[in-house]
Each structure stands twice: as structure tokens, then as C-alpha cells.
Amino acid sequence: MTTQTERGPRGLLWRRIGWGAAALILLLPLITGAPWTLFDYIVAGALLGGAGLVLELVVWASGSLAYRAGAGLALAAAFLLIWVNGAVGFLGNEDNPANLMFAGVIAVAVLGSVIAGFKAKGMAWAMSAAAAAQVSVGVIALARGWTSPGNAGLYEVVMGTSVFSAMWILSGGLFRTAAEKATDTAVTL
């Protein structure tokens, strides 16, 4: 249930800050003179807008701060995984087809969430599965030689896998906290 605080001036302030930050992120390449095409702006706008709309839905549907934070962190992980792969590539460069494996990590998180019915306990398991998928992709890419040559490839895998796996695991922990605070927090779509 949405509280009065979320509907009142304070909630409106947070919405304005959130959407203003998204607009600033979208304008940053223009301000810095990055060589973006119209397509780049459209894709970035769709990613930012989609993530923002999903976060709005979560805030509207769940009163649990832990659930909201878990969803926000999962959205951030998925967004950044897409952004990094589209911009420079996680493994090697953006043209390396091995980077497509990371779509599987996001698919694990999304499908796991759907299967869990967006209930906190199931979402915790889905995010843990996404972390395992993230590690698996890194191990497979390193073993198959699909990374940058030498130490750079090892650095890509270790750093990227560590950071993103930590985000998925922390998100799962937040969902677990939400599940413990309520019998089972569910977001109904």
C-alpha cells in the first residue's frame, strides 16, 4: 500500500531527483562531447526510461524498503551490465560475441523473478542464481580465451565478475531481509 509520504511532497521530490538524474546521465555524453549517434541516445534513453519505470512500479507496489533497495540494486546491475557491454564490452571489446553471454545472466534474474512471482523469498534465490550465472560466464570466457590477451583478460574477468556478482548477491540479501520482515512480500503486477 502506498503511504501518504510517498504521495506527498517528499515522494514527489524523490521522483524528481530520480528522473532528473536519469536526464542528466542521458545528457552527459552531449555535455562532454562524446561521439554518440542518435541511435546511442535512443538506446540509452530506452534503458534509463525502462529501468526508471520498473523502479517506479516497485516503489508503488511494495512498502518494504529492503525490497525496494534489492530491486533497485538488481536493476542497477542489469543496466550497468548492458551499458558496459554496449559501450566498451565486458570481455575484450564491444565487438566480441562472447559478451552476449551476459544476456543470459540478466535472463536468469528476470526469469527467476517471474517464476518467483516477484515474492521476496523467491527473488532472493533468483538474484543468487544471477550471481552464479555471472561467475559462470566469467569462468567460461577465461577458460575459452574469449577475453583480452594476457593479464588484461584476467583483470576483466576478476574485476567485472567480482563487482557484478557482489551486486547480485547484495540484491539477494536485501530481498532475503524483506522476506524475513514479512511473511512474504509480493509485488503484484
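**Figure 1. Residues of helix H3 that meet helix H4 in the predicted model.** From H3, the residues Ala-44, Leu-47, Leu-48, Ala-51, Val-54, Leu-55, Val-58 and Val-59 meet Tyr-67, Arg-68, Ala-71, Gly-72, Leu-75, Phe-79, Ile-82 and Trp-83 of H4. Classified by residue type, this contact of H3 with H4 comprises 14 nonpolar, one polar and one charged residues.

**Figure 2. Axes of helices H3 and H4.** Helix H3 spans residues 38-61 and helix H4 spans residues 65-87. Their axes come within 10 Å and cross at roughly 170°. Because angles over 145 degrees count as roughly antiparallel, H3 and H4 are roughly antiparallel to each other.

Figure 3. Leaving aside residues up to four places away in sequence, Leu-73 touches Met-167, Leu-170, Ser-171 and Leu-174. The C-alpha atom of Leu-73 is separated by 7.5 Å from that of Trp-168, although the two residues are 95 residues apart along the chain.

**Figure 4. The largest nonpolar core.** This core has 33 residues, and those with the most contacts inside it are Val-105, Met-127 and Trp-168. Two or more residues are given to the core by each of H4, helix H5 (101-115), helix H6 (120-144) and helix H7 (151-181). The most is given by H6, with ten residues.

**Figure 5. Contacts of Met-127.** With residues up to four places away in sequence not counted, Met-127 touches Ala-74, Ala-109, Ser-113, Trp-168, Ser-171, Gly-172 and Phe-175. Both Met-127 and Trp-168 are among the residues with the most contacts inside the largest nonpolar core.

How values were computed:
Residues numbered from 1 in each chain as written. Predicted model: local features only at pLDDT ≥ 70, side-chain atom pairs only at ≥ 80, totals over all residues. Heavy atoms only, no water. Axes fitted to C-alpha atoms, helices over the stretch in contact; angles between N-to-C directions. Helix = DSSP H or I, 4+ residues; strand = E, 2+ residues; numbered from the N terminus. Parallel < 35°, antiparallel > 145°, perpendicular 65-115°, else oblique. Contact = heavy atoms within 4.5 Å. Nonpolar A, V, L, I, M, F, W, Y, C, P; charged D, E, K, R; others polar. Core = buried A, V, L, I, M, F, W, Y, C linked by side-chain atoms within 4.5 Å. Buried < 20%, exposed > 50% of the residue type's maximum accessible area, 1.4 Å probe, protein only.
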